[in-house]
Amino acid sequence: MPLPCEEGTYSNRTGLVSASQCTKTAPGYYAPVGSTKGRECPPGSYDEQGGQGRCDLCPAGKYTPLYSQTECTICPNSSYCAIGAASPTACGPGTVGDRTGLADASECTPCYRGFWCSAGQAIAWLASTGKATPSMKKRSIPWGARFHSRSYFHSVHSSKQSLSR
């Protein structure tokens, strides 16, 4: 009676008499018991070494949008990545993703005082006019730092004046 290939191996030949006749899957691929070919790890999962019956899910704080990956990428600023993420998820309105590797929406922090926050980014906001400051439009706050609007605007404004002299 022919043997099926074991988990993590495959063969399209019939009449196998030994497990050694099966081929181990390459990294980024997996094979359930009895497979005739290796299968690509789907987005959100990976396999570092090959020879597995299933792929591992990307851990929380990491993601991969591609097939047949051997590692996951750390989640970028402005977003979080749940277990098995195929892409980052932007932090919600009124919150900031101020560091990489966030694993859950609860790790996004409230918007900084005096700023408008959208898609996990903080944009300087002039409360008196209700508009983004001209020098700050489309500019986000440096990540990992928390500023009060007045001190941040002053430091940016001062540095721009010294550059124009």
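Keep in mind that the model is predicted. So how confident is it? The mean pLDDT of the protein chain is 80. Of its residues, 73% reach 70 or more. Over residues 133-165 the pLDDT is below 50. That stretch still has 47 contacts in the model, beyond near neighbours in sequence. Please be careful with those contacts. Where pLDDT is low, the predicted coordinates should not be read in detail.

Now the disulfides. How many are there? The count comes to six. Which cysteine goes with which? Number the bonded cysteines along the chain, and the pattern reads 1-2, 3-4, 5-6, 7-8, 9-10, 11-12. I will take three of these links, going along the chain.

Start with Cys58 and Cys72. They are joined by a disulfide, with 2.0 Å from S to S. What is its handedness? The torsion about the S-S bond of Cys58 and Cys72 is about -85°, so this disulfide is left-handed. Cys58 sits in the loop between β6 (56-57) and β7 (62-63). Cys72 sits in the loop between β7 and β8. The pair therefore ties together parts that are 14 residues apart in sequence. Are these two cysteines buried or exposed? Cys58 is buried, and Cys72 is buried too.

Next, Cys75 and Cys81. Their sulfur atoms are 2.2 Å apart, and they form a disulfide. The angle about the S-S bond is 75° here, and the link of Cys75 and Cys81 is right-handed. How accessible are the two ends? Cys75 has a relative accessible area of 0%. Cys81 also comes out at 0% relative accessibility. Buried means under 20%, so Cys75 and Cys81 both count as buried.

What about its backbone? Phi of Ser78 is near 75°. That is a positive value in a residue other than glycine. Where is Ser78? It lies in the loop between β8 (73-74) and β9 (79-80). Ser78 is buried, at 8% relative accessible area.

With -70° about the S-S bond, the link of Cys91 and Cys108 is left-handed. Cys91 is in the loop between β10 (89-90) and β11 (95-96). Cys108 is in the loop between β11 and β12 (109-110). So this pair ties together parts that are 17 residues apart in sequence.

On to charges. How many salt bridges does a search of the whole structure find? Two.

One is Glu107 with Arg99. Their closest N and O atoms are 3.1 Å apart. Glu107 is partly exposed, at 26% relative accessibility. Arg99 is partly exposed as well, with a relative accessible area of 42%.

The other is Asp56 with Arg54. Here the closest N and O atoms are 3.7 Å apart. The cut-off for a salt bridge is 4 Å, so the pair of Asp56 and Arg54 qualifies. Asp56 is partly exposed, with a relative accessible area of 34%. Arg54 counts as exposed, at 58% relative accessibility.

Now the rings. How many aromatic pairs does the structure hold? One. The partners are Tyr112 and Phe115, with ring centres 6.0 Å apart. Stacked or edge-to-face? The planes of Tyr112 and Phe115 stand at 85°, so the pair is edge-to-face. Both Tyr112 and Phe115 are buried.

Phi of Ala119 is near 50°. Again, this is a positive value in a residue other than glycine. Where does Ala119 lie? It is found in the loop between β13 (115-118) and β14 (121-126). Ala119 is partly exposed, with a relative accessible area of 44%.

To recap. The chain has six disulfides. The structure has two salt bridges and one aromatic pair. And treat residues 133-165 with caution, with pLDDT below 50 there.

Note on methods
Residues numbered from 1 in each chain as written. Predicted model: local features only at pLDDT ≥ 70, side-chain atom pairs only at ≥ 80, totals over all residues. Heavy atoms only, no water. pLDDT = per-residue confidence, 0-100. Contact = heavy atoms within 4.5 Å. Salt bridge = Lys/Arg side-chain N within 4 Å of Asp/Glu carboxyl O. Buried < 20%, exposed > 50% of the residue type's maximum accessible area, 1.4 Å probe, protein only. Helix = DSSP H or I, 4+ residues; strand = E, 2+ residues; numbered from the N terminus. Disulfide = S-S within 2.5 Å. Phe/Tyr/Trp six-rings, centres within 6.5 Å; stacked < 30°, edge-to-face > 60°.
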